[in-house]
Amino acid sequence: MKTIINTTKAPAPIGPYNQATLVGNTLYTSGQIALHPETMELILDDIQTETKQVMENMKAVLEAADMTFENVVKTSIFISDMNNFSKINEVYGTYFNPDTAPARETVEVANLPKFVNVEISMIAVK
């Protein structure tokens with residue numbers, strides 16, 4: 001059985017999906033981009049600010065499922081330009097304890113929704 005997770009503290013879905021699905025003790029999140037949850041406007045000032053908004057959106061989804069970044073076991077990072085990797089990684093790394101950081105992959109892609117520069121999804125376990 002699955003439980004749909006949605007919160008107003010993260011951007012509303014812009015398509016036929018939910019922010020996350022909880023199956024048993026495992027949470028599967030949809031990808032988050034840098035949409036501000038209240039205004040639904042993109043935050044694209046610079047790659048660090050964009051990444052911080054993505055991570056704050058993800059934090060809100062995790063909290064809606066009574067989880068934190070400590071529960072995250074796997075992340076997927078999609079970026080439009082691998083040259084931004086170190087700047088994205090710098091912000092991303094502030095949300096995790098290096099000793100317990102999750103597994104992850106980072107993939108450069110041709111385009112992302114709304115032509116943003118970074119999208120992140122996660123799997124977390126209680």
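**Figure 1. Two salt bridges in a predicted model.** Welcome to this structure, which is a predicted model. The count of salt bridges here comes to two. One of them joins K52 and E56, and K74 and E105 form a salt bridge as well. The next two views take the pairs in turn.

Figure 2. How accessible are the two partners? K52 has a relative accessibility of 45%, so K52 counts as partly exposed. E56 is partly exposed too, because its relative accessibility is 30%.

**Figure 3. K74 and E105, a salt bridge between two strands.** In this view, the closest N and O atoms of K74 and E105 are 2.5 Å apart. K74 lies in strand β4 and E105 in strand β5 (residues 103-108), so this pair ties together parts that are 31 residues apart in sequence. With a relative accessible area of 24%, K74 is partly exposed. E105, at 30% relative accessibility, also counts as partly exposed.

**Figure 4. The largest nonpolar core.** Now let us turn to the nonpolar residues. In soluble globular proteins, nonpolar side chains tend to be buried together. The largest nonpolar core of this model has 29 residues. Which of its members touch the most others? They are L27, L62, F69 and M122. At least two core residues come from each of β2 (20-23), α1 (47-64), β4 (72-79), α2 (85-93) and β6 (118-125). Helix α1 gives the most, supplying seven residues.

**Figure 5. A close look at L62 and its contacts.** L62 is one of the core members that touch the most other members. Leaving aside residues up to four places away in sequence, L62 touches L27, M67, T68, F69, V72, M122 and A124. Among these contacts you can find L27, F69 and M122, which are named alongside L62 for touching the most other core members.

**Figure 6. A nonpolar patch on the surface.** Our last stop is a patch of nonpolar residues on the surface, formed by I14, Y17 and M40. Together, these residues have about 250 Å² of accessible area. Where does Y17 sit? Its place is in the loop between β1 (2-5) and β2. Y17 counts as partly exposed, because its relative accessibility is 36%.

Note on methods. Residues are numbered from 1 along each chain as its sequence is written. This is a predicted model: local features need pLDDT of at least 70, side-chain atom pairs count only at pLDDT 80 or more; totals for chains, interfaces and linings use all residues. Side-chain values use heavy atoms; hydrogens and water are left out. A nonpolar core is a set of buried Ala, Val, Leu, Ile, Met, Phe, Trp, Tyr and Cys residues joined through side-chain atoms within 4.5 Å. Buried means under 20% relative accessible area, exposed over 50%, partly exposed in between (1.4 Å probe, protein chains only). Helices (H or I, at least four residues) and strands (E, at least two) are DSSP runs, numbered from the N terminus. Contact means heavy atoms within 4.5 Å. Patches are made of residues with over 30% relative accessible area and no salt bridge: like charges are joined within 9 Å, nonpolar side chains (Val, Leu, Ile, Met, Phe, Trp, Tyr) within 5 Å. Accessible areas come from the Shrake-Rupley method with a 1.4 Å probe; for residues, only the protein chains shown count as cover. A salt bridge is a side-chain nitrogen of Lys or Arg within 4 Å of a carboxyl oxygen of Asp or Glu.
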